[in-house]
Amino acid sequence: MPSWCPLLCRLAMLLCVWAPCQAQSDTELPPGTPIIQLRLAGDKRKHYEGRVEVYYNGEWGTVCDDDFSIHAANILCRELGFVEAVSWSPSSKYGKGEGRIWLDNVHCSGRERTLAQCKSNGFGVSDCKHSEDVGVVCNQRRIPGFKFISSFTNSVESLNVQIARIRTSSIYSQRKRVPITEGYLEVKDGGKWRQICDEEWTEMNNRVICGMYGFPGEKGYNTKVYKLLAKRRKKNYWDFGVNCTGNEASLHGCKLGHKVELKGNATCEKGMPVVVSCVPGRAFAPSYNQGFSKAYRVEQPLVRLRGGANTGDGRVEVLKNGEWGTVCDDSWNLKAASVVCRELGFGSAKEALAGGRLGQGMGPVHMNEVECSGFEKSLTECYFNRDALGCSHEEDAAVRCNVPAMGFQNKLRLSGGRNPFEGRVEVLAEKNDSLVWGTVCSDSWGTMEATVVCRQLGLGFASNAFQETWYWPGDVRADDVVMSGVRCSGTEMTLAQCLHHGKHLHCPRGGGRFAAGVSCSESAPDLVLNAQVVEHTTYLEDRPMYILQCANEEHCLSSSAATATPSSYRRLMRFSSQIHNNGQSDFRPRAAHNSWVWHDCHRHYHSMEVFTHYDLLSLNGTKVAEGHKASFCLEDTQCEEGTEKRYECANFGQQGITVGCWDTYRHDIDCQWIDVTDVVPGDYILQVVINPNYEVAESDYTNNIMKCRCRYDGHRIWTYNCHIGGSVSSESEESSFPGLLNNQLGHR
């Protein structure tokens with residue numbers, strides 16, 4: 001046995017999972033089915049191909065190619081979230097693996113739910129060598145709505161997610177602050193918390209620890225205070241040092257230092273216990289000069305996250321030439337992900353996600369084959385292959401970052417629900433100099449407020465907001481309203497950060513059965529309008545009033561149509577709308593079948609009375625004409641290859657838009673227009689807003705709005721420079737639309 005093995009084995013005994021792996025759901029599998037995790041590994045590969053590796057009994061191993069078949073490859077690919085396998089490869093095509101060969105002579109029928117159900121020699125029973133490691137190539141298309149039930153990423157660099165169990169033991173003056181940024185570093189060994197001697201401790205070690213705790217950097221501290229305290233504290237030192245280079249995402253990537261001889265308190269004769277002091281990111285730092293700082297314009301960031309359910313999660317997007325684009329996942333790893341996280345004011349990365357795991361973006365793919373040292377200030381400073389083309393949005397890279405422990409989830413709870421993801425919202429508030437639980441007034445309560453609640457509790461996205469919760473009997477001692485007048489923009493981290501009444505509450509209906517409630521979901525849809533389709537299909541049509549009676553009944557014409565004669569004409573600006581669902585779950589109308597409204601004139605049901613708003617604005621933002629579209633038929637018109645249609649309006653069928661599909665409202669159907677009869681020639685702005693009343697929760701509302709420059713000469717109309725909200729820089733937006741300085745939608 002190598003001499004270093006005892007050290008590593010000892011460390012392995014000290015390790016515990018920092019971000020626990022969620023086991024595969026055994027409720028869906030026959031009793032006794034072994035619990036495994038899968039990954040694809042190997043060098044210079046796409047995220048959907050590689051050497052097959054299996055995590056079983058706390059150890060990663062490989063699969064032998066003996067008797068392996070396309071059936072086994074299909075099972076494996078589906079278990080990883082891909083629709084099917086394309087091929088499989090014998091003889092370690094993706095390089096030789098290490099460790100155990102867990103499976104040999106694997107026989108699958110193709111009907112199994114997991115590779116663990118297939119017949120084999122048994123786990124660990126093999127006569128193969130690693131030169132026989134099997135590899136697979138999966139169809140890169142993801143299973144729509146696939147739930148990843150493992151916290152492991154499909155990236156080799158980040159799979160050893162175990163780190164030494166550590167904590168910071170802060171001094172009294174630091175305990176009052178949130179987040180706690182400073183304190184003694186301690187490791188748990190043999191059931192006891194032990195300090196680390198600082199004789200060989202470096203700033204690079206500090207950087208790694210701070211990153212794990214959600215802080216982008218480290219800073220100095222008052223050594224005199226800690227030296228005085230150290231003399232009074234009982235010492236119990238850990239018997240190892242730690243050596244980090246500084247670019248590790250967590251302590252598990254660091255190497256063990258020298259073994260320390262234990263000689264009582266003399267263990268750290270020339271030093272003292274390690275103290276770590278970190279700098280919080282802007283979003284988590286206490287602000288004493290908020291009013292002063294708001295006087296300055298915030299610099300346009302070069303990197304952002306989109307589509308993530310929680311703070312610090314999201315698809316990575318970068319700004320290039322004034323346009324936002326995504327990053328291809330080729331070579332994407334924890335070093336690059338950590339650069340992104342620190343740049344945005346978080347700590348190091350927990351996961352580097354590939355394959356559009358947090359939703360697909362639109363527009364260009366700006367970076368591919370990104371390589372970072374880990375010390376760059378911005379992802380834009382990292383090397384990337386400028387000539388590599390061919391990446392699709394199915395390969396969009398994403399991250400999950402370490403964020404500081406703010407204790408937000410302790411100030412809010414859901415009560416009375418059938419599961420932890422739903423219930424009446426109850427807030428911990430100060431009343432008569434004591435903390436009590438109470439309800440939130442449901443007046444004006446909606447999707448944006450529910451979104452903030454779900455985020456604060458770490459429960460993902462909001463799926464519904466409720467203004468009555470009589471069916472969720474909460475704690476009767478918490479029936480009193482302690483918060484009212486809540487209005488959120490949807491970007492806040494806590495409900496307390498939203499606008500709300502102060503001490504003087506106002507809630508006519510009271511709490512109890514009328515208190516606010518929510519239901520949360522791990523995934524959400526994301527509707528995005530195809531701006532190019534609008535730009536290419538816009539035209540004018542003069543249509544006689546006598547054939548517009550149904551449209552007039554549905555208020556699809558301007559107010560002057562009320563006095564128009566049947567023989568007169570209305571001038572209509574017509575265009576097609578192609579609305580994609582780029583999210584992670586299907587878009588469904590909020591109302592059930594039984595509450596859809598029948599419109600006799602057009603002979604159809606409306607599942608959402610207002611699905612889109614169409615506005616023609618002057619260059620200073622004044623509305624000159626408007627239109628709207630009810631979702632009389634919300635269905636999958638077309639889908640990406642490999643995605644099946646689920647929703648069809650025929651025969652009073654289910655309505656919705658499947659992930660990876662789009663609904664097209666053609667230019668030649670009623671109400672797919674703006675009535676411009678009374679508009680004078682000139683330059684205008686066309687604005688289209690999807691889901692304008694936030695009736696259905698989405699993962700991203702910024703891309704629900706589209707704007708175009710528009711010119712009307714009295715005979716013809718042109719639209720140009722069309723783009724969706726958030727797709728260009730704020731400077732580009734301001735120069736194109738000087739009268740409209742932001743993409744934010746008005747809140748009800």
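The mean pLDDT of the protein is 82, and 85% of its residues reach 70 or more. pLDDT is the predictor's confidence in each residue, from 0 to 100. Over residues 1-27 the pLDDT is below 50, and this stretch has 50 contacts in the model beyond near neighbours in sequence. Contact means heavy atoms within 4.5 Å. Residues 740-748 also stay under 50, with 30 contacts beyond four places in sequence. Where pLDDT is low, the predicted coordinates should not be read in detail.

This is a predicted model, in which local features need pLDDT of at least 70, side-chain atom pairs count only at pLDDT 80 or more, and totals for chains, interfaces and linings use all residues. Residues are numbered from 1 along each chain as its sequence is written, and side-chain values use heavy atoms, with hydrogens and water left out.

**An open sheet**

Three strands form an open, antiparallel sheet in the order β29-β30-β38. Strands are DSSP runs (E, at least two residues), numbered from the N terminus. Two strands pair if DSSP finds at least two bridges between them. β29 (539-544) and β38 (673-675) stand at the edges with a single partner strand each, so one side of each has no neighbour in the sheet. The twist averages 35° from one strand to the next. This angle is taken between N-to-C directions, from 0 to 180 degrees, using axes fitted to C-alpha atoms.

| Strands | Sense | Bridges |
|---|---|---|
| β29 and β30 (569-574) | antiparallel | six |
| β12 (217-218) and β15 | antiparallel | two |

Across from E218 is C278 in β15. Four of the five residues of β15 (275-279) are buried, so this strand is largely enclosed by the rest of the structure. Buried means under 20% relative accessible area, exposed over 50%, and partly exposed in between (1.4 Å probe, protein chains only).

**Q672**

Q672 sits in the loop between β37 (661-665) and β38. Q672 is buried, with a relative accessible area of 0%. Its side chain reaches the backbone oxygen of F575 at 3.1 Å. A polar contact of 2.9 Å joins the side chains of Q672 and S577. A polar contact is a pair of N or O atoms within 3.5 Å; within protein, one must be able to donate a hydrogen and the other to accept it, and residues adjacent in sequence count only if both atoms are side-chain atoms. Leaving out residues up to four places away in sequence, Q672 touches residues including M573, R574, Y614, K629 and Y665.
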